[in-house]
Amino acid sequence: MPMSLSTRSAMYAYTGGRPFDAALPCVVFIHGALNDHSVWTLAARWCAHHGHGVLAVDLPGHGRSAGPALPDVEAMADAVLALLAEHGVQQTALVGHSMGSLIALEAASRAAPGLVSHLVMVGTAYPMRVSPALLATAAQEPLAAIDQVVTFSHASMAAKPSYPGPGAWLHGASRALMRQVLARGTGVAGIEHNLFHHDFTACDRYAHGLAAAEQLRTAGNTRCSLIVGGRDRMTMPKQAATIAQALGAQVHTLPTAGHALMQEDPDGLLAALRLSLR
């Protein structure tokens, strides 16, 4: 049975199938917009069973965590740092996908010296602009916006024959997860009504990325890596070049993956993650 961690701050974290041990090297996984911890299942379980303490979080207002959703990337970064303090974590790697990558970057820049040993930004770009047309659709027709994002997040129509889960329909699974997260936030007291619009607005407005990167590079205490999909149409590899350079980061490219790297190339993502955590 998967093990999880419910905290005093009502922030849920999946621990990869093993009890969380703050004495082990910690890895924190942070999901992207309108997602939850489940997108990290393979990577979280591998880390938990290979000597790491794992916290794959549901951000406030998402998945199993109580609301309200926090207003911006900076506030979400503070929530992650509060979770680490609550559980006595002394050193950790931060791994974030898409919106989660911005949260990881911001949290690393705000953390006490020595707390964040590794920063891994997956499927990222900076600035992470969202088109006005998509924001408008997200506000007015979120289900239609989900369909658009699912299409653009996957490089192919179906899982490849070598995919570890034969028969899996990646588009359908991604669409179902986003609809589930959206539905949970609709009409629930204290949670943002339209999490789709909320999350994409947070990505679009985040403006502290280069300053955060400069701070990390100057301090020199955090090893930084990017993992990007070679066929990503949501955050294209060229849009990650600026933040990679600012961080002095190592870049791993998964050539056949789109934006949903964890689902489209799980083995490649895990291999790149293992290199990034060395």
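This is a predicted model: local features need pLDDT of at least 70, side-chain atom pairs count only at pLDDT 80 or more; totals for chains, interfaces and linings use all residues.
User: What does the radius of gyration say about the chain, and how many helices and strands does the chain have?

Analyst: The chain holds eleven helices and eight strands. Its radius of gyration is 17 Å, close to the 19 Å that the globule rule gives for 278 residues, so the chain is as compact as a globular protein of that length. Along the principal axes, the C-alpha trace spans about 45 × 40 × 40 Å.

User: How should I read burial, and what percentage of the residues is buried?

Analyst: A residue is called buried when its relative accessible area is under 20%, and by that cut-off buried residues make up 56% of the 278 residues in the chain.

User: Which residues of helix α2 are buried, and what covers them?

Analyst: In α2, the buried residues are V73, M76, A77, A79, V80, L81, L83, L84 and E86, and what covers them includes the strands β3 (26–30), β4 (53–57) and β5 (92–97), together with the helices α3 (99–110) and α7 (195–205).

User: What span should α2 have, and what follows the helix?

Analyst: At 1.5 Å a residue, the 14 residues of α2 (residues 73–86) should span 20 Å, which agrees with the 20 Å between its end C-alpha atoms. Just after α2, G88 takes a positive phi of about 70°.

Technical notes: Residues are numbered from 1 along each chain as its sequence is written. Side-chain values use heavy atoms; hydrogens and water are left out. Helices (H or I, at least four residues) and strands (E, at least two) are DSSP runs, numbered from the N terminus. The radius of gyration is taken over C-alpha atoms; the globule rule is 2.2 Å times the number of residues to the power 0.38. Buried means under 20% relative accessible area, exposed over 50%, partly exposed in between (1.4 Å probe, protein chains only). The expected span of a helix is 1.5 Å times one less than its number of residues. Contact means heavy atoms within 4.5 Å.
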